[in-house]
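Please open the model in a viewer and keep the selection panel to hand. The stops below are meant to be taken in order.

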Amino acid sequence: MTNDWARARLHVVTGKGGTGKTTVASALALALASRPGRVLLSEVEGRQGISQTFDVPPLGTDETRILRLGSGGEVIGLSVEPKAALLEYLQLFYKLGRAGRLLEKFGAIDFATTIAPGVRDVLLIGKIYEANRRRRDGRHKGDGPLAYDALVLDAPPTGRIGRFLSVNSEVADLAKMGPIHSQAGAITQLLESDRTVVHLVTLLEEMPVQETLESIAELTAKGLHPGAIIVNMVRAPLLDDAALEQARAGRLHKPSLRTQLTEAGVTVTAALVDGLVAETRDHALRVDLERDQLALLEATGLPIVTLPALPQGVDSGSVHELAGLLVDQGMLP
Amino acid sequence: MTQTRATSHQPPQLDVDALLADPTTEIVVCCGSGGVGKTTTAAALGIRAAESGRRVVVLTIDPARRLAQSLGLSELDNTPRPVTGIDTTAGGSLHAMMLDMKRTFDEVVIAHSEPGKADQILANPFYQAVSSSFAGTQEYMAMEKLGQLKASAGTPEAPWDLIIVDTPPSRSALDFLDAPNRLGSFLDGRFIRLLTAPAKAGGRAGLKVFGLGVQVVTSTMTKILGGQMLSDVQTFVNALDTMFGGFRERADETYRLLSEDGTSFLVVAAPERDALREASFFVERLEADGMPLAGLVVNRLGRVSAPGLSPSKSLAMAESLEEGNGPRSATTAAGVLRLHADLVRTAERQRDLADRFSRAHPGIPVVHVPALGRDVHDLESLREVAASLAGT
């Protein structure tokens, strides 16, 4: 696979709920760290998905190291929270002090982070924007080395990603001038540049694929850059095409199945054989559906990366395995 | 482990048919985290209730296109439409609608304010942003719509006696309960009073109420937001304030509707760790708030058609068949056995997760709905889902 996000620093990972977005984002962060690099892995919905994936204590609003690789690479975790981001932002740009506390006391902070349109999302992305610009010395200017070599964002799901990433241009329209306006403009610039790429995680099922396709169209229309489609939880076919063909038509040869099972030492009943044939037929139909869905994804022309289903579920060990598969398939810029 | 699990803590079976048949059941709310099949569940329940004689309306929030089409919903027009293809011999009927959150909000504005004022609000940029993109508006408007459907129930144009509600695809199932109150309390909150006070109480008098801090706050807000945005906010809030006479009251009222006897919550979850954790949070919250919980739907469990053959035995046999260098039928049989082992293992893992939920929440009725071999997007497959929901 060749990819066209060679200049990307910010990797946004989205996908329909239940597709394994957090797992993929975690694996991607690990892959990027293996180069080696210092990678910030953030979540913005307070779900603590990252800490569960890596089996570490819950993440807070301070950037905390999740793991260090033998190669020297590091993954730093962060759970971005709008209120903390706003107070930090106000402190950074306005040196508010007492006024900041007053704003909090009067409910202005709550107002801004929950009611004011889009402000919550602006703050969440704004924090990522800030981390992206930050130098190792903590400053945001100069030409010192950057604090992070790459950033991975476990973003909101496909249903909300377009709005989430374009919220800055909305806010820029709403606040026609002032610091929020210019901040929103700068963030939009980063998101629409080739430093930012949006990867989409999907399963080979109808609804997630449909949402992925809609999302790609939406992102493209908004001037954002879709990156890879990561097809998650793929099961290797257990039967060859000829057998699938038979199974689909319900023509799996029962006598020979019975013979083989008997030879292998099973007490074969008619119900068992029928049950197995039914299971195999379901499987064949599922494989058909998956192939149709894959064809739809391929038609987008975007690079496709596949990750296997992990029968035992995801743990911190399997994230390493998935990271290796991402590297093998050319996911790194 | 398998044996102890199967015998020790069986949750009561959720009786969906009894719930739907009970004439005192007036509202069923399907909630759960995103992607667990809430909309499908709501639609399937609607069909089942209608075909057993209830007059039903299903309020969907954000249905997949093909599911919407299966209900005959081709456009998002914010009005319940009769669903055709339903068996009405038992005297029931089915309407369905998709929520248009912006239009619902607009309608509220138009219904509750004088014509000139309504236009002013609708044109306010702050209103436009809040009504179309504020996180929480969807939940609030879903409740608003639910209230409207309830209020109109029983008229010739709105013949329903049972409302089935799908909830917005929020991050968390709790958002559905929290968002309206949050919106209400903020619009009635201290900060809003601060913003509106100078206008209402006439400049300085308003300031006195809050003391000196006000000046600092308003000037800081002006500095950050820009004066024009702040004045848009003030216009918006003032307009809403006179219109609603207390947003909070309205939110409280809708919330009360949900805790009434006629309402039942169905928590929907996929047999996965995250979805079941969300379900736990939600169940605890419903209990804490005294909300009527009907039970848990564990959706899309793996299906095993050949029970009795253990995965370890299947795999051992598959291996010996593969080693045997036998005919092609041996390879196929090995594949069939591996597939079976896979299915059983998945189903066992899912059942474990579901059991873990029931251990933590004993006494909550549960129904397990097996996965269909195909995606659900016609009435026939919805009926099949409904039959599984009813445990038949």
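Predicted model: local features only at pLDDT ≥ 70, side-chain atom pairs only at ≥ 80, totals over all residues.

Residues are numbered from 1 along each chain as its sequence is written, while chains are lettered from A and ligands numbered from 1 in the order in which they are written.

**Stop 1: the sheet of chain B**

Select the strands of chain B in the order E3-E4-E2-E5-E1-E6-E7-E8; they form an open sheet of 8 strands with mixed pairing. Strands (E, at least two residues) and helices (H or I, at least four residues) are DSSP runs, numbered from the N terminus, and two strands pair if DSSP finds at least two bridges between them. The edges are strand E3 (81-82) and strand E8 (366-370) of chain B, each of which pairs on one side only.

Stay with E3(B): its pairing with strand E4 (residues 93-98) of chain B is antiparallel, over 2 bridges. Here B:Arg81 lies opposite B:Ala96 of E4(B).

Contact between two residues requires their C-beta atoms, placed from the backbone, to lie within 7 Å. Axes are lines fitted to C-alpha atoms, for helices over the stretch in contact, and angles run from 0 to 180 degrees between N-to-C directions.

**Stop 2: a helix pair in chain A**

Select helix H1 (residues 21-33) and helix H13 (residues 316-328) of chain A, which pack at about 70° with axes 8 Å apart. That angle makes H1(A) roughly perpendicular to H13(A) (65 to 115 degrees). Residues of H1(A) including A:Leu28 and A:Leu30 meet residues of H13(A) including A:Leu322 and A:Leu326.

**Stop 3: the domains of chain B**

Colour domain 1 (12-113 + 137-178 + 254-302 + 349-389) and domain 2 (311-347) of chain B; such bounds come from an automatic or database domain assignment. Their centres, taken over C-alpha atoms, are 41 Å apart. At the contact, 5 residues of domain 1 of chain B meet 4 residues of domain 2 of chain B. Helix H17 (residues 328-360) of chain B gives the most to the domain 1 side, with 3 residues.

Conventions: Parallel < 35°, antiparallel > 145°, perpendicular 65-115°, else oblique.
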